[in-house]
Amino acid sequence: DSGVTQTPKHLITATGQRVTLRCSPRSGDLSVYWYQQSLDQGLQFLIQYYNGEERAKGNILERFSAQQFPDLHSELNLSSLELGDSALYFCASSVDLNNEQFFGPGTRLTVL
Amino acid sequence: GNSVTQMEGPVTLSEEAFLTINCTYTATGYPSLFWYVQYPGEGLQLLLKATKADDKGSNKGFEATYRKETTSFHLEKGSVQVSDSAVYFCALSDNTGFQKLVFGTGTRLLVSP
């Protein structure tokens, strides 16, 4: 157990809908990262937050957004969902900007 | 941009066999290199890392050496166990830290008794 929690574990929804994925970092970790793992794209970095502020952006679609709250938990919002958004979404956390990332168990999103 | 190329899987071995999973990278500057392991139904765990050329990362019997001249970071283990069955990801970061990890496609290892 990495200490990073993600909810929900599974999510099934329809095209065009909007969902929110939640991540709670390890106690004391200030940085949160989001990754998408899909069969065709592999594992891709989406976005990073540090102490509430966005610090790095990867291949994140405009339909996706994220935020980190004052209690350091983070949410990833996915809107206007398409079939191709079906994937495993991982959250990771680290103590600061340049330390080992600890991964959560992931949220499996299925878009029908 | 930065990229990582891993050998295709699955790699199927018998217990106690020697393991090599090839990884090569393309990057500007001096990236840090990592191997992550993903067991079924779990998130990724850092297996080992190397932050500069000729560094050797090692953990749980696994080893990998950062070879700048061949831009490689091959994962090796002398004697695999059934419990090593998992998906292994090679990754790099474009600075000396862990930000913006770029992953390879992953290699599934299946070890039979």
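1. The model is predicted, so local features need pLDDT of at least 70 and side-chain atom pairs count only at pLDDT 80 or more, while totals for chains, interfaces and linings use all residues. Residues are numbered from 1 along each chain as its sequence is written, chains are lettered from A and ligands numbered from 1 in the order in which they are written, and side-chain values use heavy atoms, with hydrogens and water left out.

2. Rings of Phe, Tyr and Trp (its six-membered ring) are taken to pair if their centres lie within 6.5 Å, with planes under 30 degrees apart counted as stacked, over 60 as edge-to-face and the rest as tilted. By this rule there are twelve aromatic pairs over all chains. In one of them, A:Phe103 and B:Phe103 have ring centres 6.4 Å apart and planes at 75°, which means that the pair is edge-to-face. This pair crosses between chains, from strand β10 (residues 102-103) of chain A to strand β11 (residues 102-103) of chain B, strands being DSSP runs (E, at least two residues) numbered from the N terminus.

3. Buried here means under 20% relative accessible area, computed with a 1.4 Å probe on protein chains only. A:Phe103 is buried at 3% relative accessibility, and B:Phe103 is buried with a relative accessible area of 9%. The ring of B:Phe103 also pairs edge-to-face with that of B:Phe89, the centres being 6.1 Å apart and the planes at 85°. Because B:Phe89 lies in strand β10 (residues 86-93) of chain B and B:Phe103 in strand β11 of chain B, the pair ties together parts that are 14 residues apart in sequence. B:Phe89 is itself buried, with a relative accessible area of 3%.

4. In chain A, four strands form an open sheet in the order β1-β3-β8-β7, with antiparallel pairing, where two strands pair if DSSP finds at least two bridges between them. β1 (5-7) and β7 (64-68) of chain A stand at the edges with a single partner strand each, so one side of each is left without a neighbour in the sheet. Three bridges join β1(A) to the antiparallel strand β3 (residues 19-24) of chain A, and A:Thr5 has A:Ser24 in β3(A) as its bridge partner.

Conventions
Buried < 20%, exposed > 50% of the residue type's maximum accessible area, 1.4 Å probe, protein only.
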